Amino acid sequence: MREEDRIILADKLRKALTGFPSLRDEYLERLCSRVIDDSRFRICPASVGKHHSWPGGLLKHTLEVVQFSLNMCKASCEALDAGKIPIDDHVVALAAVFHDYAKIYCYEERGNGWVKTDYSNKIQHVYGSAEFFSNLARDCQVPQGLIGDVVHAILAQHGRNEWGSPVTPYSREAWIVHLADMASVNICEERYLRIRG
Ligand SMILES: [Fe+2]
Ligand SMILES: [Fe+2]
């Protein structure tokens with residue numbers, strides 16, 4: 001994937017967030033920009049040999065998770081008769097953007113490809129992404145309750161302990177992020193589309 005294409009994808013990710021009026025919020029924008037503007041995030045693959053495993057794959061996968069999860073949020077709110085039982089779209093948006101961020105420490109470019117690092121073996125991205133988000137959010141004075149809800153959704157992203165999540169989804173927001181992650185991996189992955197970026 002060329003740098004121009006990555007710039008377009010990063011722009012789409014920003015627009016996917018600001019396209020939801022309730023998400024136009026200064027601190028949310030500031031937090032998400034830390035991910036979107038990070039050059040390591042833009043070039044990293046989402047895996048080695050699994051899904052979105054090409055340079056820029058992490059950015060593409062994150063965009064898909066944001067799109068799926070925010071649209072699922074909207075559909076769920078409509079199905080639940082708008083606002084009676086609100087779903088917190090700030091929690092969903094932040095968890096979707098940050099859920100795999102620590103993959104930038106899990107893979108490194110070597111020779112003609114990407115390989116797993118020690119960080120990937122010892123810490124892994126699920127815990128690493130939750131830790132990164134909570135440190136950053138605390139520095140930005142994000143309310144503790146919101147931090148906890150987002151951290152839970154990040155930790156529960158893989159849905160099951162045997163799939164690498166230390167906890168299973170315990171909120172609707174966490175379920176949405178997990179299902180959106182599954183959708184991106186199983187529907188949008190390039191082996192189904194038969195195209196490569
Ligand atoms: Fe993940
Ligand atoms: Fe993911």
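## How α5 meets α10

At what angle do helix α5 and helix α10 pack, and how far apart are their axes? In this predicted model, α5 (residues 89–98) and α10 (residues 172–187) pack at about 40°, and their axes lie 9 Å apart. The crossing itself is right-handed.

As for who touches whom, α5 brings V91, V92, A95 and A96, while α10 answers with E173, I176, V177 and A180.

## The nonpolar core

The largest nonpolar core has 51 residues, and V66 and A95 are the ones with the most contacts inside it. A95 is also one of the α5 residues that meet α10.

Setting aside neighbours within four places in sequence, V66 is in contact with L13, A16, L17, A93, A96 and V97. A96 turns up in the contact between α5 and α10 as well.

## A closer look at α9

Helix α9 has twelve residues, and from first C-alpha to last it reaches 16 Å, close to the 16 Å expected at 1.5 Å a residue.

Which of its residues are buried? They are I147, D149, V150, V151, H152, A153, I154 and L155. The buried residues of α9 pack against α5, α8 and α10.

## Loop residues worth a click

Two residues stand out for their backbone. H52, in the loop between α3 and α4, has a positive phi of about 45° although it isn't a glycine. Q141 sits in the loop between α8 and α9, and its phi is near 60°, again positive in a residue other than glycine.

Are these two buried or exposed? H52 counts as buried because it has 24 C-beta neighbours inside 10 Å, whereas Q141 is exposed, with 8 other C-beta atoms within 10 Å.

Then there's W54, which belongs to the loop between α3 (39–43) and α4. With 15 other C-beta atoms within 10 Å, W54 is partly exposed. W54 and V65 are eleven residues apart in sequence, and their C-alpha atoms are 17 Å apart in space.

Terms used. Residues are numbered from 1 along each chain as its sequence is written. Chains are lettered from A and ligands numbered from 1 in the order in which they are written. This is a predicted model: local features need pLDDT of at least 70, side-chain atom pairs count only at pLDDT 80 or more; totals for chains, interfaces and linings use all residues. Axes are lines fitted to C-alpha atoms, for helices over the stretch in contact, and angles run from 0 to 180 degrees between N-to-C directions. Helices (H or I, at least four residues) and strands (E, at least two) are DSSP runs, numbered from the N terminus. A crossing is left-handed if the near helix is turned anticlockwise from the far one by less than a right angle, and right-handed if clockwise. Two residues are in contact if their C-beta atoms, placed from the backbone, lie within 7 Å. A nonpolar core is a set of buried Ala, Val, Leu, Ile, Met, Phe, Trp, Tyr and Cys residues joined through C-beta atoms within 7 Å. A residue is buried if 20 or more other C-beta atoms lie within 10 Å of its own, exposed if 12 or fewer, and partly exposed in between; C-beta atoms are placed from the backbone. The expected span of a helix is 1.5 Å times one less than its number of residues.
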